[in-house]
Amino acid sequence: QIYKLTGKIPYQIRYGIMFIWLIALEILLIIGYSTDFLAIKVSLNERAIAGGITLIIFCIFSIKGPLKRVQWSLGFSSIWFIFALLMLLSGFDHAVGDGYRLSGWIILLGFPCLAFIWNNRGDYEVLYRLVSKAICVVSVAYFLFCLIIQPEQASLDRYTGTIDNPNTLGLMAVSGIISASYLFTSTKNYRWIFSISFGTSVTLGVYSVSRNAIITILLLLIVISIYMCRVFKYKGYSIRVSIKRYILGVLGFTVISLLCIIIFGMGMSSEKNIVSAASLEPTKEINLAHWKSAAEVTADSAVGPEKNPLKERFTTEGKDLNSFSAGRVEIWKAYIQQLNLKGNDIKGSEFPIGDTSSKYLAAHNVYLEISYRSGIIAGLLFLIFVLIAAIKALCCLFRRKEYKEYDLFIIMAIGAYGCTSLFESLVHPFSRSIVFLFYLAVIPFLAKPSAIKKDRDA
């Protein structure tokens, strides 16, 4: 019945509406983490509502014809639904935090509905291109905004743009690299635009000095290299042609990225944009999202204009494991001690960590975060779910005899989420772009491969 109405609308208009809405959603996510700069607060509940509306719009305008029964992958989809159900039910038992219960509904019902429709269609590359293009547009626009406006900030010698936390800017850069790389390899037109988007994202990632983001970006580059070499072999290119194409691609991306970094560095006033860490005095009350151990605060304070913040972030000299991890080891220990089967009421929760009594905010690990809020079983199920998804992604990279157009998107999105989720609480699907990309990437795995092939051949 829905298609009888939406089918009368040209697909260009339908996709145009979806594209514009995606851009608006991406901007909303940036605003949500620019509270200090914009003095506007967008709660996780509000972002979850916007994300839910996004899925509804996508479901309505994605229907291509009569929907047929989908053969679900019993094991993988069962883990998905049980985890989502536990996440949702915990929200009715105790306080689980802003946006958490809504996210449970979205994971339980929203994404499976989208998966049902796109598993009927089978052309996942259309969906992934649409999302990737929106992220690329916003990434380039944000780069230019930061270059022109030069927002002031105080971030311990780390660039944040308008974002409150440099690690969040790094995650935004990772999403931009995934999107730009996928579009560059899967399309023949406008590749120069996607190359620029790649360069701007690399620039923001480097300037954020986020170790999590930088390591993830390096791993993504390795994955892209392996994927392209295997695709060249699959297409029957000679070794000479393959090497030539690979070298040209590497040189092109390197030159564009370096140019973007240089231009951004020339346009950014260090005195205006970065406040020395020495001027920031640590307070007794520090929330977990920005918490640092005394050792790291001391190390950061030693960073002066003559030192390289990137080098200082990666050096282990004079740091123990806790200080090197920005206090995460102590945070993880505190959370592990509080784990139980049904989860914890986070309202008023406090964790005595080091010399501080930090109020609950983030575990800096998605599996601990879910386990703390919804119980150990929910956390373990999600861990198993991500591990299976990662294995399936590796199979796409190494074991397939044929490569589908959307494979690289799946490999990068799942791989990037797997890396970043170890050090960030990436629970809410619409809290950051990288989480949204992950849930989109696992959609093809919810249906049996034979069912997908049958739908694609129909």
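Where is the place of T187 in the chain? In this predicted model, in which local features need pLDDT of at least 70, side-chain atom pairs count only at pLDDT 80 or more, and totals for chains, interfaces and linings use all residues, T187 is placed in the loop between α8 (166-186) and α9 (191-208), helices (H or I, at least four residues) and strands (E, at least two) being DSSP runs numbered from the N terminus. Residues are numbered from 1 along each chain as its sequence is written, and side-chain values use heavy atoms, with hydrogens and water left out.

T187 has a relative accessible area of 12% and is therefore buried, where buried means under 20% relative accessible area, exposed over 50% and partly exposed in between (1.4 Å probe, protein chains only). A polar atom of the T187 side chain lies 2.4 Å from the backbone oxygen of L183. When neighbours within four places in sequence are left aside, T187 is in contact (heavy atoms within 4.5 Å) with R129 and F194.

Helix α6 holds both R121 and L102. R121 counts as buried because its relative accessibility is 11%, and its side chain makes a polar contact with the side chain of Y15 at 2.9 Å; a polar contact is a pair of N or O atoms within 3.5 Å, of which, within protein, one must be able to donate a hydrogen and the other to accept it, while residues adjacent in sequence count only if both atoms are side-chain atoms. L102, by contrast, is partly exposed, with a relative accessible area of 30%.

Of the contacts between residues at least 6 apart in sequence, 78% join residues at least 24 apart. The chain exposes about 21300 Å², of which carbon and sulfur atoms supply 66%, as given by the Shrake-Rupley method with a 1.4 Å probe, where for residues only the protein chains shown count as cover.

The mean pLDDT (the predictor's confidence in each residue, from 0 to 100) of the chain is 81, and 83% of its residues reach 70 or more. Confidence is highest in helix α20 (residues 433-441), at a mean of 96, and lowest in helix α13 (residues 294-301), at 36. Over residues 270-305 the pLDDT is below 50, although this stretch has 73 contacts in the model beyond near neighbours in sequence.
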